[in-house]
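I opened the model to look up two things.

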Amino acid sequence: MGVDQPVYSLSIHADYRCRHSGACCATDWDVPVELQVFRNLDAALKGDRLRVMGPPGRSGPAFMTGDDLPGDAAAVLARTAEGHCVFFDRGSRFCVVHRDLGEAMLPATCRHFPRLAVRDARGTFISLTHYCPTAASMLFREDVPLEIVTSPPAFPPGDYDGLEVDAHAWPPLLHPRVLMDLDGYAAWERHMVTRCANRAAAPEMVLATLERDARILRTFAPDGRSLSDPVRALPADLVDARAHVSLEASLLLHAEVMGAVPDDLKPAPDERGLLDVYVRDVAPHWSDWHAALNRYLAAKAFASWTAYQGRGLLSVVRGLQAALALVRVEAARQCRNARRPLDQALLLEAFRGADFALNHLAVGEDLAAAWSSAERQL
């Protein structure tokens, strides 16, 4: 990605800083290592400037090499028998590469996590995956208003990994037969975040209102005007929508997301007791967390890959509905496992679980294809 365009983020993420929770280092996933990074780390190991923190698992050395590597990787970081990265110090919860050699020596995956970036002709838009506990904790902050900000201090101009949209590519679709203009899409993105910033709105009201707004905009006929004018003219009122009293509808959307997860990554079904737990331990406490839930929706609406991969605004809204559904399901799981009603700690873990599925298990293009079925609902 280029470094000469403005960078945008949500205000709640703008001062993100790693707090060394160790979640990314202790997750059993493959981390590719670029050739130059591999050479630098190998030299540091041989020069005793770096050491692994525990015996690697079955791989033996600090790296896994061979012909079956992702992309242009020269190696993959090895893991311990527990599934931790061999450079993760479990005592201090620090990455020893980052600590001893500096951020520049990290593989790209490690440098960019938990950032999720989209770059188009407007600039670079950065959200975070809330699988990172630090990012998830920022959904509960009350010290800044929820809005899109320019030049966030945590994300200086740089070459961020993510979805890069060619400057000459088409803008997002309004619906399968009509394109938006970039100013119009920017207005819609701001509009979604503004809806989420309404502290009087329950998340179900936000979603129902955004669906209504998207359907109004579908009637827009291009005549040389920007879509930004109709976006600004959308009704100010909210659509009344009740909180879900049961989990059935959310489980259907959860199944839709799981359909986009490759078979080798798909978790085993785990729905035991969730219907009763949701009614008893989640639904009665849901309204206590409207602000955090709406911030989560804003984080899914902003820097949306679905806007470019899907077939229109209703596809984006369907993705937001699915994200909230996953939080409901994960909240019920957390309450069941902890044997207590929903609280902040359990909701934080629900956000983490939802984003692990959406951002790290499911294939984005397949999610967008599934959510695009909403465009057929006239």
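**Sheet and helix packing**

I looked up the sheet first. It is open, has five strands in the order S9-S1-S8-S7-S10, and its pairing is mixed. I note that strands are DSSP runs (E, at least two residues), as are helices (H or I, at least four), numbered from the N terminus. Two strands pair if DSSP finds at least two bridges between them.

This is a predicted model, where local features need pLDDT of at least 70, side-chain atom pairs count only at pLDDT 80 or more, and totals for chains, interfaces and linings use all residues. Residues are numbered from 1 along each chain as its sequence is written, and side-chain values use heavy atoms, without hydrogens and water.

S1 (residues 7–10) pairs with S9 in the antiparallel sense, over three bridges. Ser9 has Val149 of S9 as its bridge partner.

Next I turned to the helices. H8 (residues 248–258) packs on H12 (residues 313–338) at about 110°, with the axes 8 Å apart. Axes are lines fitted to C-alpha atoms, for helices over the stretch in contact, and angles run from 0 to 180 degrees between N-to-C directions. H8 is therefore roughly perpendicular to H12 (65 to 115 degrees).

Which residues of H8 make the contact (heavy atoms within 4.5 Å)? They are Ser250, Leu251, Leu253, His254, Glu256 and Val257. On H12, the residues include Arg318, Gln321 and Ala322.

Methods
Angles under 35 degrees count as roughly parallel, over 145 as roughly antiparallel, 65 to 115 as roughly perpendicular and the rest as oblique. Contact means heavy atoms within 4.5 Å.
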